[in-house]
Amino acid sequence: MTATACGPVDGAVEVVDPGVPGERPARCVAVVGGTEKVFAGHFPGFPIFPGVCVVEYVQRGALATLPEPGGVLAAVESARFLGPVFPGSTLSCEFTWLRDEATSAWRCRAEVTTERGLAARVRLRFSAPADREATR
């Protein structure tokens, strides 16, 4: 399965393993192309992929591996950027999913690595599908 969306990045996320909550993490990969439009201004002569774009790839991977379809991103609970991402890097994301029994929301912890090591840790929260229907 491949997930794409409209946003600040051009590439797609490929699901390598959909995972099983409580048993094994989900895994996705994405290649940061050298033609990403954000590189024109971030930074000319020394391109570095912005953190917000890393979070966008994480969000796309999370949506593609969400254990219960229909959830909507409710919050970026935290994001820590630990290493640079350059043109041509392959982002490997590992998602650990947890269900919040009190709210029925899904939370994921994502660890993002590149060929050079750990690049980011991101925590996201997704609303339950019933919450989405109630707000329509």
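Q: Is α1 mostly covered or mostly open, and how many of its residues are buried?
A: Mostly covered: 12 of the 15 residues in α1 are buried. Buried means under 20% relative accessible area, exposed means over 50%, and partly exposed is in between, with a 1.4 Å probe and protein chains only. Helices here are DSSP runs of H or I with at least four residues, strands are runs of E with at least two, and both are numbered from the N terminus.

Q: What kind of model is this, and how are residues numbered?
A: This is a predicted model, where local features need pLDDT of at least 70, side-chain atom pairs count only at pLDDT 80 or more, and totals for chains, interfaces and linings use all residues. Residues are numbered from 1 along each chain as its sequence is written, and side-chain values use heavy atoms, with hydrogens and water left out.

Q: Okay, which residues of α1 are buried?
A: Among them are Cys 53, Val 54, Val 55, Glu 56, Tyr 57 and Arg 60.

Q: Why does Cys 53 count as buried?
A: Because its relative accessibility is 1%.

Q: What span should α1 have?
A: Helix α1 covers residues 51-65, and at 1.5 Å a residue it should span 21 Å. The expected span is 1.5 Å times one less than the number of residues. The end C-alpha atoms of α1 are 21 Å apart, which agrees.

Q: Switching to strands: which way do β6 and β7 pair?
A: Strand β6 (residues 105-114) pairs with β7 in the antiparallel sense, over 9 bridges. Two strands pair if DSSP finds at least two bridges between them. Val 112 has Ala 120 in β7 as its bridge partner, and a hairpin of 2 residues joins β6 to β7.

Q: What about β4 and β7?
A: Strand β4 (residues 72-81) and strand β7 (residues 117-127) are antiparallel too, over 8 bridges. Leu 124 in β7 is the bridge partner of Val 76.

Q: Which side chains of β3 are buried?
A: In β3 (residues 26-31), Ala 26, Cys 28 and Ala 30 point to one face and are buried.

Q: What stands opposite Val 29 in β5?
A: That's Ser 92. β3 and β5 (residues 90-100) pair in the antiparallel sense over 6 bridges.

Q: How many disulfides are there?
A: A search of the whole structure finds 0, a disulfide being a pair of cysteine sulfur atoms within 2.5 Å. Cys 93 is in none, and the nearest cysteine sulfur, that of Cys 28, is 6.6 Å away.

Q: Is Cys 93 buried or exposed?
A: Buried, because its relative accessibility is 7%.
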